[in-house]
Amino acid sequence: MTGTGAPEEGRHLQQVTAVNGFAFGVVGADIHVFGSGQPLYLLANWRSEEPANPDWLRELPSRMLNARRLVVPFVGREGDLIRLGEWRDMGPRLAVRWLHGPGGQGKTRLATEFAARSAAAGWKVVAAFHGPDADWIRESTQDLSLTGHTGLLVVVDYADRWQLAALTWLLKNNLLHRTGVTTRVLMVARTANAWPAIRGILDTYQAGTSGHVLAPLDGEAGDARPATPDERTEMFEAARDSFARIYGRPSARLVPPPDSLSGADFGLTLAVHMAALVAVDCHGRGGRPPDDMGRLTTYLLNREQLHWARLYGDGAPGSPAPRPFRTPPEAMNRLVFVAGLTGALPRAGGLAVLGRLETPAAAQAMEDHAFCYPPSDEALALEPLYPDRLTEDFLALTLPGHQADHPHQSWAPGTVSTLMARTGEGAEPPAWTSRGLTFLADAAARWPHLAAYLNEILRRDPALATAGGNAALASLASVPGIDVSLFMAMHAFFPYPAPDLAPGIADVMRRLGDHVFAHTEEDATRAGFHEELCVRLSAAGRHEEALESAQASVALRRPLADRDRRRYAHALHALGTVLWALGRYPEALGQADEAVRLRRQLADDGTPRSAHDLAHALDNQGTLLSQVASHTEALKVRIKARDVWRRQVRKHSRAGETEHLEAMQAGLAQSLAHLSGTQLHLGRHELALATAEEGVTLFEQLVPDPLADGTVPYLLPPYQQAVSALGTALLASGRTQQAREAFRHAVAMAERLVEVNPQAYETHLLDDLSSLGVVCSMTGRHEEALEVLELALARFERLARTNPILHESDLARVLVHLTEAYAYSKGPSAALAAAERAVDIYRRLAAGHPRVHEPAFAQALYLRGVNLARLSRHMEAVDSLSDAVAVQRRLADATPQAHRARLAEFLASLTEIRRATGSPAHEVVRD
């Protein structure tokens with residue numbers, strides 16, 4: 001569900017009303033929400049925090065470390081600011097930058113400073129908040145109109161913890177796509193793990209993309225210049241002086257930096273600020289500040305606990321305190337621990353959590369906690385301790401198992417168990433599952449004892465790992481102390497296909513594989529895991545890694561083939577599929593032929609599984625025959641595959657056996673889509689259309705509304721391909737308006753797949769965008785055609801640079817389509833340039849695989865000739881058209897039904913141009 005703000009021009013009147021809930025509106029932008037009404041994200045005008053009351057800051061030193069308080073003036077990182085400024089002021093209209101570094105590195109502070117400087121330079125600065133765990137925005141309406149601003153800067157903090165779907169919708173927002181408005185999106189994250197997937201999404205918008213590593217203060221990282229010892233000292237002194245002003249202790253400015261400031265412990269900006277804060281705090285108390293990170297952390301946490309004790313003492317009966325404070329420090333300790341795991345919650349949710357933990361006087365306790373840690377909005381409760389790294393350390397130090405000088409709490413393990421568990425059998429996972437698992441896993445890098453608690457959580461409920469999403473799966477996969485048996489238990493809950501979880505699942509499977517291959521000597525077991533790993537890596541688009549596993553599986557299965565032909569055939573099929581995905585078609589066909597031979601033998605047993613495997617193998621073989629041999633041979637194989645599927649559907653339907661029926665129906669539908677494509681190549685347009693329509697009708701019965709909500713049905717990938725095949729068949733049959741609607745539907749389905757796994761499904765989207773552009777051009781929508789095709793061109797150019805074997809033909813195909821679109825919109829010179837590029841690529845490709853690429857090569861030659869003629873370069877046009885005719889004649893001789901009509905078209909154009917040049921025009925189409 002989406003809502004769109006008022007247009008940019010003119011006056012705006014917007015009424016926002018809520019009944020029993022929260023309402024929010026924007027002017028000049030879109031709102032995207034889940035079907036439940038929960039926003040995927042919120043947008044708000046960026047604003048600097050108001051200066052906090054010094055008395056309030058002094059109560060808890062950790063408050064001064066919160067980057068949002070801006071207690072310490074921005075010092076250092078000038079090189080990073082210069083780079084960000086250059087990125088903002090130069091480059092394409094839309095650009096996105098991924099700023100990343102470890103927790104405590106100063107990312108938020110740098111982003112805040114950059115936002116402030118951009119606003120001062122006339123830019124409209126907008127903050128984006130993740131819907132499920134967003135900081136609530138007090139104003140119910142935000143005016144995001146851009147009139148009078150230099151450009152737009154959107155700042156997205158914690159971008160790596162956003163749901164991928166929410167980020168995808170944010171990037172679609174109308175606010176980011178205003179013609180002529182320079183737009184920059186700064187995404188701030190701890191790691192770059194999620195960046196490749198998001199960069200894939202951004203290619204849809206021809207956005208400039210760049211990464212920005214925030215260098216540690218103790219060494220180089222990426223292309224950023226590390227801080228020198230003098231810069232560390234400057235940071236320390238700036239922070240020390242700021243804290244001294246708040247404490248009212250001018251003499252604290254004489255406190256020197258610790259001798260350990262140059263050590264590895266102080267590689268983070270946060271660490272330097274902590275050292276300065278503790279030095280000032282100790283100065284007024286007559287103590288000696290600690291000089292290592294562990295003791296700095298415990299010092300600050302001890303000050304938190306001292307504050308709780310003082311509040312409790314001041315609020316005791318008979319005290320003159322202005323506000324009653326009834327929560328003892330040991331109870332407050334537990335509340336802060338709970339908030340660290342759950343994050344801020346609506347007040348009702350906070351009370352429910354405390355009730356679940358049987359917290360005495362829960363309402364009073366929650367009010368007392370809010371007094372210590374005020375939430376960003378009065379509707380929220382259980383605001384966590386900041387900064388995040390301090391919360392991670394607090395969780396670790398509160399749980400038993402460490403050797404640090406900080407008391408653990410006996411109640412902490414039980415609290416973790418209760419909070420990270422479902423409320424009952426069949427209940428949904430806790431709303432904070434992703435946060436809780438991610439915080440514990442990230443902290444485990446510094447506090448190894450936390451692995452034991454993660455093990456307990458996952459042993460009790462391994463399915464929580466998938467509920468935590470890709471971020472949790474990736475974090476868990478990086479924890480050395482996780483029991484390997486638990487990764488295997490998680491594996492049992494991994495859905496397949498799982499496009500929305502594929503990247504995280506691949507990380508876990510890779511970690512699990514390291515153990516299996518190191519501790520298992522049995523070849524059959526190793527081969528089986530290689531096959532599973534191959535499937536998961538392929539689903540995540542990691543085909544090169546998948547190939548290694550597929551090859552290993554075949555090598556291990558080959559000596560065992562006499563004993564287990566079924567598994568050997570499965571390994572060959574998997575290897576062929578990966579080789580095909582990498583564009584290595586002849587090698588893939590060899591594997592597919594062998595797999596079909598074995599599966600034919602196995603199909604004699606009459607079981608559904610054998611029939612299913614044979615049909616899949618035939619489909620795969622048909623695809624490769626189209627690429628390597630001939631469409632005529634491919635047609636015979638595809639018909640056999642269709643017939644196997646159809647027999648199985650009839651068999652299970654008659655017997656009323658529903659267990660295998662849906663899988664057979666889906667297989668038949670997918671097989672029909674493939675068969676339709678081969679029929680088209682052979683010129684059987686009406687038959688291809690009927691075949692494609694049958695396939696789509698089957699999918700419509702299986703998945704009535706594939707885009708109904710935010711989920712991704714497991715049949716969506718083959719369904720999307722079937723709709724695309726229908727669009728192609730409609731176009732070939734001259735039904736352009738229907739084709740346009742089919743391709744629009746296919747593009748929408750592909751966009752949903754790209755949202756959750758761009759690496760695996762990006763090419764599907766680009767293929768359909770290109771086809772949609774062709775249809776738009778044919779129906780007179782030339783501007784729309786040009787926009788769509790240039791978008792596809794930009795993305796295929798990038799893909800072809802990284803993997804020319806796989807994507808050069810895609811690039812050339814789009815160039816052919818653009819040639820025709822340019823002829824309408826930009827003129828023959830632009831059209832000729834596109835055709836020249838397509839001819840160069842197809843000439844190389846056709847030399848190696850003429851059966852696959854000669855039809856497109858002939859078309860490219862023809863379009864080059866036509867546009868040369870339009871520029872009055874008639875002799876060159878005759879040469880190019882003559883070449884096109886020669887290639888097309890070979891094709892027509894081999895398959896007349898498919899290619900004679902185009903040969904006649906080429907000859908007619910050649911004859912006309914020869915007449916214009918006075919050359920003989922005697923060629924005709926032979927009978």
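Let's start with Gln679, which counts as buried because its relative accessibility is 3%, while the cut-off for buried is under 20%. Keep in mind that this is a predicted model.

**Around Gln679**
- You'll find Gln679 in helix α26, which covers residues 658-681.
- Leaving out residues up to four places away in sequence, Gln679 touches Leu635, Arg684, Leu687, Ala688 and Thr691.

**Rings and a charge**
- Searching the whole structure turns up 7 aromatic pairs.
- Take Phe699 and Tyr719: their ring centres are 5.2 Å apart and their planes sit at 15°, so this pair is stacked.
- Phe699 belongs to helix α27 (residues 685-702) and Tyr719 to helix α28 (residues 716-732), so the pair ties together parts 20 residues apart in sequence.
- Phe699 and Tyr719 are both buried.
- Elsewhere, Phe337, Phe394 and Trp411 make up one aromatic cluster.
- Over the ring of Phe439 sits the charged end of Arg435, 4.0 Å from the ring's centre.

**Nonpolar cores**
- In soluble globular proteins, nonpolar side chains tend to be buried together.
- Here, the largest nonpolar core has 235 residues, and Val156, Met187, Ile198 and Leu476 have the most contacts inside it.
- Setting aside neighbours within four places in sequence, Met187 is in contact with Val96, Arg97, Trp98, Leu99, Val156, Ala159, Leu167, Leu171 and Ile198.
- Another core, of 34 residues, lies apart from the largest one, and its members include Leu57, Met64, Ala238 and Leu268.

Key:
Residues numbered from 1 in each chain as written. Predicted model: local features only at pLDDT ≥ 70, side-chain atom pairs only at ≥ 80, totals over all residues. Heavy atoms only, no water. Helix = DSSP H or I, 4+ residues; strand = E, 2+ residues; numbered from the N terminus. Buried < 20%, exposed > 50% of the residue type's maximum accessible area, 1.4 Å probe, protein only. Contact = heavy atoms within 4.5 Å. Phe/Tyr/Trp six-rings, centres within 6.5 Å; stacked < 30°, edge-to-face > 60°. Lys NZ or Arg CZ within 6 Å of the ring centre and 35° of its normal. Core = buried A, V, L, I, M, F, W, Y, C linked by side-chain atoms within 4.5 Å.
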